[in-house]
Amino acid sequence: MTDIAGAAEIVDQAARAAEAIPQFTDTAPLGAVEAYAIQAQSIARRLARGEKLVGVKMGLTSRAKMAQVGVDEVIWGRLTDAMRLEEGACLSRGRYVHPRIEPELAFLLKTDIEGEVTPAEALAAVEAIAPAMEIIDSRYRNFKFTLGDVIADNSSSSGFVVGPWASPTQDFSNLGLIMEIDGRAVEVGSTAAILGDPIRSLVAAARLAGPALGGLKAGWIVLAGGATAAHALSVGETVRTVMQNLGSVSIRVLD
Ligand code: OOG
Ligand code: MG
């Protein structure tokens, strides 16, 4: 039996100290059910310190992401208010182990949803959509993990930034996007890379994360998952994602 509380303390501490830890699965197998229990307890520790749950991140919803980390199942994690960066904000590199950034689409919910919903039902729960980026920072050495490890580590989530909100009435199933470092394109793709249509990621969030959280709540943000591979951040970089019709979102990296 895994020591759930002990493992939750280890990942929470690693995130706070920005110190890499060995994979749990180096020493014993860790299934998804136990791993989500570890994630829940590690985030409960943050909530006990005053952070607020503000949404959910979906992960490994595109082939590019699955290939980059060698895990091919859709996963999810919890977002707290402390993880949010303001548009254009500076990120302090020293607060992370080995941060990466990836272009995503964000949903803002206007009604609660949970369980099996159709894409049309999921869309009806969306207040707005926005270009976004997620900062992922696996707490495991060399950014290497198995499915159980990454789930326990809140699916690598460390931060996120959201650009301008727009109406979800427009078709966002195949919007071109470019992620630039200092004005140079490093990743080019489309929202269609996210499960063929990012609304499917919201459907998956309702089914997978909804029951564990008592539903996805009105006012929450859901990140649909990286549309391209992630880029490893270096001090001095300005990262900007431009999404067709939706505008752009950026951050800067300081030391
Ligand atoms: C796992 C988290 C994946 C995404 O958008 O696919 C993720 C990782 O890549 O470390 O956030
Ligand atoms: Mg992501």
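This report walks through the salt bridges of the structure above.

The structure is a predicted model, in which local features need pLDDT of at least 70 and side-chain atom pairs count only at pLDDT 80 or more, while totals for chains, interfaces and linings use all residues. Residues are numbered from 1 along each chain as its sequence is written, chains are lettered from A and ligands numbered from 1 in the order in which they are written, and side-chain values use heavy atoms, leaving out hydrogens and water.

A salt bridge here is a side-chain nitrogen of Lys or Arg within 4 Å of a carboxyl oxygen of Asp or Glu. By this rule there are 6 salt bridges, and the table shows some of them.

| Pair | Closest N to O |
|---|---|
| Glu134 and Lys57 | 2.9 Å |
| Lys65 and Glu102 | 2.6 Å |

Buried means under 20% relative accessible area, exposed over 50%, and partly exposed in between (1.4 Å probe, protein chains only).

Glu134 pairs with Lys57, joining strand S6 (residues 126-136) to strand S1 (residues 53-59) across 77 residues. Both Glu134 and Lys57 are buried.

Lys65 meets Glu102, which links helix H3 (residues 63-69) with strand S5 (residues 100-109), 37 residues apart. Lys65 is buried at 5% relative accessibility, and Glu102 is buried at 3%.

Arg240 sits in strand S12 (residues 238-243) and Glu180 in strand S8 (residues 176-181), so their bridge ties together parts 60 residues apart in sequence. Arg240 is partly exposed at 34%, whereas Glu180 counts as buried at 15%.

Finally, Asp12, Arg45 and Arg49 form a network of salt bridges.

Methods: Helices (H or I, at least four residues) and strands (E, at least two) are DSSP runs, numbered from the N terminus.
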